[in-house]
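Me: I am new to this structure and would like to learn how to read it, one feature at a time. Please show it to me, and we can begin with how its chains meet.

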Amino acid sequence: MLVIKREVCGYCGACVSVCPEGALELVDAYLTVDPENCIECGICSKICPLGALEMKNAE
Amino acid sequence: MQNKYDVLIIGGGPGGAMAGKAVAEAGLSCCIIEKRPAIGAPVRCAEGVGNEISELVDLDPKWISSKIEGALLVAPDGQTLELNPEMAGNEVGYVLDRKIFDRELVWKAANAGCDVFVKSRASSAIIKDGKVCGATIESGGKTVEVYADVVIAADGVESKFARWCGIDTTVPMAEIETCVQYLMTDIDIDPGLNAFYLGREVAPEGYVWIFSKGERTANVGIGISGKMCKEGKRPKDYLDAFIAEHFPNGKIIELIVGGVSACKPLACTVADGLIIVGDAARLSDPITGGGIINAMYTGKLAGEVAAECIASGDCSKKALMKYDTEWRSSKMGKGLKRNYQVKEIFIKLKDEKLNSIVNSVNKLDMEIFDTKYLIRELVKYNPWLLKDIGTLKRLLD
Ligand SMILES: Cc1cc2nc3c(=O)[nH]c(=O)nc-3n(C[C@H](O)[C@H](O)[C@H](O)COP(=O)(O)OP(=O)(O)OC[C@H]3O[C@@H](n4cnc5c(N)ncnc54)[C@H](O)[C@@H]3O)c2cc1C
Ligand code: SF4
Ligand code: SF4
């Protein structure tokens, strides 16, 4: 599952641009993920300039 | 907000603002919607532009933080190369104050007659019979549908609107430059110079920049390839290390984060009823990451073409293709194509090779700064360049 650390995120939208599924959306000053569309590829968490996205295992 | 405009513009950055102004000046109704509460803030930019910006807008001194007279390139081994205006063909540039600049551009659009709504976000596209006809907009807790003959997507790096219209705007992971920047004060800089630091240790597949914001103040930032970014080696980690070394006593008064695409532009930047401009069309420069002027130029062109097509009653993809064809054959379009290929060569260079290039350029007689001379001399000192030189030469000619 993709976890968004709101207190770290700088709401820049870089992750939105690389998400192959269009699962991320920057709503004004907060980021949202659509769990229905996210395929947990981890690309967004890899490229985040601040490290605000984390892939956590379901368990 | 009306429920129908001739042109609806998604995004109030430099691309959207120039589009709105062009449409309004052509006498048509238009509206810019911007999801953020304030135009231009937070800034996601190092704010550097070349002086060709004055071909697009009359520069107001209020928008300018500093005037730039040259650039300083620092090689991985610390050798420096100063590029001054005489060499670059008297080119100078500016570091803008985008909080003011972006707002004033939107202001100009509004004064020309364009409607503007902030804190209003497009949340989906309205598509009928395969044609883009408008957008669903969330504004102040209400959801409204706004129709238009042409929608201009100027929604920046996120570029979701075109995606909702079925166009894949995904930036490949290796081609996003992931960036962090501090606005710093109380640091020793040359206020007339912009500096660039290269090298795998400093900024893998990217660079550190110091863009002067005036006396003792600068945007100090970094962009690295998304491919090189990982836990513990994120742009912020590299930047903090750079600052600890170069500006340990500087004060950070703003944190800026962002992504810049260094990929090829979208394969096609129009569809039935839709034009895509600026960063949303992936038009930032693959080498420098600069995209302000490209967004302004394509925004203006999009507004003009939309107005023409509306006047002639045909807003099909075929009619709007005029926009795509025109920017691709423009100086900007050709430059993007060339710089993409140059980037592909330079990104693979090892630090020693970069050092060696900078070293040999330093030996050149800068009075005769023409491409052929440059290449001949570079090859003399760096014979290994021959492998790539065919391509390079073709690109530079
Ligand atoms: C760290 C960094 C440094 C940079 N440095 C430079 C530089 O020195 N020089 C240079 O020329 N360029 C630079 N750039 C690139 C430059 O910032 C962009 O190319 C430029 O802003 C592109 O303009 P635009 O109008 O296309 O998009 P933007 O300026 O990004 O504007 C897009 C707007 O659309 C809004 N928006 C997005 N989605 C929606 C929606 N669904 N509904 C409503 N509104 C929406 C956004 O809030 C935003 O205001 C830099 C970028 C970064 C990240
Ligand atoms: S890339 Fe990181 S900082 Fe930027 S919006 Fe995404 S999560 Fe936030
Ligand atoms: S993990 Fe992959 S699919 Fe999920 S939001 Fe991130 S980039 Fe998109």
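Me: How many residue pairs are in polar contact between chain B and chain A?

Reply: In this predicted model, 15 residue pairs between chain B and chain A are in polar contact, both residues being at pLDDT 80 or more. On the side of chain B that touches chain A, the elements giving two or more residues are E9, helix H3 (160–164), strand E12 (176–185), helix H4 (235–246) and E16 of chain B. E12(B) gives the most to that side, with four residues. By class, the side of chain B that touches chain A has 13 nonpolar, six polar and 13 charged residues.

Me: How many residues of each chain are in contact, and what area do chain B and chain A bury between them?

Reply: On chain B, 32 residues are in contact with 25 residues of chain A. The two chains bury about 2200 Å² between them, and 56% of it is on carbon and sulfur atoms.

Me: How should I read the salt bridges, and how many are there between chain B and chain A?

Reply: The general idea is that side chains of opposite charge can pair when their charged atoms come close. Between chain B and chain A the count is three salt bridges. In one that joins the chains, A:Asp28 pairs with B:Lys119, and their closest N and O atoms are 2.5 Å apart. Over all chains, the structure holds 26 salt bridges.

Me: Which residue does B:Arg98 meet in a salt bridge?

Reply: B:Arg98 meets B:Asp102, at 3.0 Å from N to O. The two residues are separated by about one helical turn because they lie four residues apart in helix H2 (residues 98–112) of chain B.

Me: What should I look for in the backbone?

Reply: Most residues other than glycine have a negative phi, and most peptide bonds are trans. A:Asp28, which also forms the salt bridge with B:Lys119, has a positive phi, near 50°. A:Asp28 sits in the loop between strand E2 (24–27) and strand E3 (30–33) of chain A. In chain B, the peptide bond that joins B:Ala41 and B:Pro42 is cis, with omega about -10°. B:Pro42 belongs to the loop between strand E2 (30–33) and strand E3 (48–50) of chain B.

Me: Now the ligands. Which residues come nearest to ligand 1?

Reply: There are 34 residues around ligand 1, and B:Gly15, B:Glu34, B:Ala46, B:Gly48 and B:Asp279 come nearest. Four elements of chain B each supply at least two residues of this shell: helix H1 (14–25), strand E9 (120–128), strand E16 (251–261) and helix H5 (292–311). By class, the shell has 12 nonpolar, 13 polar and nine charged residues.

Me: Which backbone atoms lie close to polar atoms of ligand 1, and how much of its area does the protein cover?

Reply: A nitrogen atom of ligand 1 lies 3.1 Å from a backbone N or O atom of B:Lys35. For B:Ala122, a backbone N or O atom is 3.0 Å from a nitrogen atom of ligand 1. A polar backbone atom of B:Ile292 is 3.0 Å from an oxygen atom of the ligand. On its own, ligand 1 has 1000 Å² of accessible area, and the protein covers 94% of it.

Technical notes:
Residues are numbered from 1 along each chain as its sequence is written. Chains are lettered from A and ligands numbered from 1 in the order in which they are written. This is a predicted model: local features need pLDDT of at least 70, side-chain atom pairs count only at pLDDT 80 or more; totals for chains, interfaces and linings use all residues. Side-chain values use heavy atoms; hydrogens and water are left out. A residue is near a molecule or strand if one of its heavy atoms lies within 4 Å of it. A polar contact is a pair of N or O atoms within 3.5 Å; within protein, one must be able to donate a hydrogen and the other to accept it, and residues adjacent in sequence count only if both atoms are side-chain atoms. Accessible areas come from the Shrake-Rupley method with a 1.4 Å probe; for residues, only the protein chains shown count as cover. Ala, Val, Leu, Ile, Met, Phe, Trp, Tyr, Cys and Pro count as nonpolar, Asp, Glu, Lys and Arg as charged, and the others, Gly among them, as polar. Contact means heavy atoms within 4.5 Å. Buried area is the accessible area (1.4 Å probe) that two parts lose on being put together, summed over both. A salt bridge is a side-chain nitrogen of Lys or Arg within 4 Å of a carboxyl oxygen of Asp or Glu.
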